[in-house]
Amino acid sequence: MKYKELMYSDINMQLFHEFNRYQKVTKRWRNIDGKWIIENVNLVEQWDENDFETIIDCLHTTIETGGAVFGAFDSGFLKGFASIEGVPLGIHHDYFDLSLLHVSSEMRGKGIGTKLFDMVCQWAKEHNAKKLYISANSSVDSLAFYESKGCVDAAETHHSLSERKPYDRQLEYIL
Ligand SMILES: CC(C)(COP(=O)(O)OP(=O)(O)OC[C@H]1O[C@@H](n2cnc3c(N)ncnc32)[C@H](O)[C@@H]1OP(=O)(O)O)[C@@H](O)C(=O)NCCC(=O)NCCS
């Protein structure tokens with residue numbers, strides 16, 4: 001597996017040719033009256049061409065606004081990526097938003113997410129961030145990953161992010 005920071009021109013539809021977002025979600029966290037509970041669901045997350053176009057636009061904007069995008073490649077094909085925004089958030093401007101982190105379905109559980117998370121943390125520290133902010137997918141599997149890294153519920157909620165994805169769980173990670 002090869003890891004590198006991606007340039008604006010690297011990010012296009014071709015890059016995602018061998019990337020599979022597929023995720024079957026059978027359990028997810030929900031906040032009911034202030035308490036987190038696990039509910040059973042039967043959902044499939046998948047991206048179509050429009051979704052990939054949206055992701056490409058988001059990643060381009062990340063780079064244009066001073067953030068960074070990292071990719072994991074297997075035999076030249078993208079199998080994981082992460083993006084960190086360059087505009088600090090929070091009352092004290094000390095949070096940096098880990099905006100996207102995804103590993104292709106057939107490559108999950110092999111440490112790729114961990115390596116990308118570490119690259120994002122390193123970049124954020126170099127930019128004087130104190131914490132990462134993560135609006136995390138509420139599936140039990142996805143949150144188990146963030147829990148394993150030591151992420152906790154965010155002390156400050158960033159409403160523009162939480163309102164965009166109301167089922168997400170708002171987390172932070174102290175760098
Ligand atoms: C969440 C995600 C990025 C993690 O990447 P990954 O490469 O699969 O994770 P890693 O292999 O580095 O796992 C690191 C640790 O996380 C935990 N973990 C990861 N996947 C897990 C799962 N399905 N169930 C329980 N724990 C899990 C484990 O503690 C694991 O350590 P271990 O392998 O020593 O047991 C990846 O699974 C993914 O893309 N999921 C779908 C999309 C998504 O939810 N993205 C996050 C959006 S906010």
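Modeller: Happy to, and we'll go through the ligand site and then some strands. Keep in mind that this is a predicted model.

Colleague: Thanks! How many residues surround the ligand, and which are the closest?

Modeller: There are 20 residues around the ligand, and the closest are Val103, Gly111, Gly113, Thr114 and Ser142.

Colleague: What sort of residues are they, by class?

Modeller: The shell has nine polar, seven nonpolar and four charged residues.

Colleague: And what does the side chain of serine 142 do there?

Modeller: An N or O atom in the serine 142 side chain sits 2.5 Å from an oxygen atom of the ligand.

Colleague: How much of the ligand does the protein bury?

Modeller: On its own the ligand exposes 920 Å², and the protein buries 70% of that.

Colleague: Which elements give two or more residues to that shell?

Modeller: Those are β6 (95-103), α2 (112-126) and α3 (140-149). The largest share comes from α3, with six residues.

Colleague: Let's look at β6, then. Is that strand mostly covered or mostly open, and how many of its residues are buried?

Modeller: Mostly covered: eight of the nine residues in β6 are buried.

Colleague: Which strands does β6 pair with?

Modeller: Strand β5 (residues 77-84) runs antiparallel to β6, with five bridges joining the two. Strand β7 (residues 131-136) runs parallel to β6, and three bridges join them. There, aspartate 97 has tyrosine 133 in β7 as its bridge partner.

Colleague: Changing topic: how do β2 and β3 pair?

Modeller: Strand β2 (residues 23-32) and strand β3 (residues 35-45) are antiparallel, and they pair over nine bridges. For example, lysine 24 has valine 44 in β3 as its bridge partner.

Colleague: And what's in the turn between them?

Modeller: β2 and β3 form a hairpin, with two residues between the strands. One to look at in the turn is aspartate 33, which has a positive phi of about 50°.

Conventions
Residues numbered from 1 in each chain as written. Predicted model: local features only at pLDDT ≥ 70, side-chain atom pairs only at ≥ 80, totals over all residues. Heavy atoms only, no water. Near = heavy atom within 4 Å. Polar contact = N/O pair within 3.5 Å; in protein donor to acceptor, adjacent residues only side chain to side chain. Areas by Shrake-Rupley, 256 points an atom, 1.4 Å probe, with all protein chains shown as cover. Helix = DSSP H or I, 4+ residues; strand = E, 2+ residues; numbered from the N terminus. Nonpolar A, V, L, I, M, F, W, Y, C, P; charged D, E, K, R; others polar. Buried < 20%, exposed > 50% of the residue type's maximum accessible area, 1.4 Å probe, protein only. Pairing = 2+ DSSP bridges.
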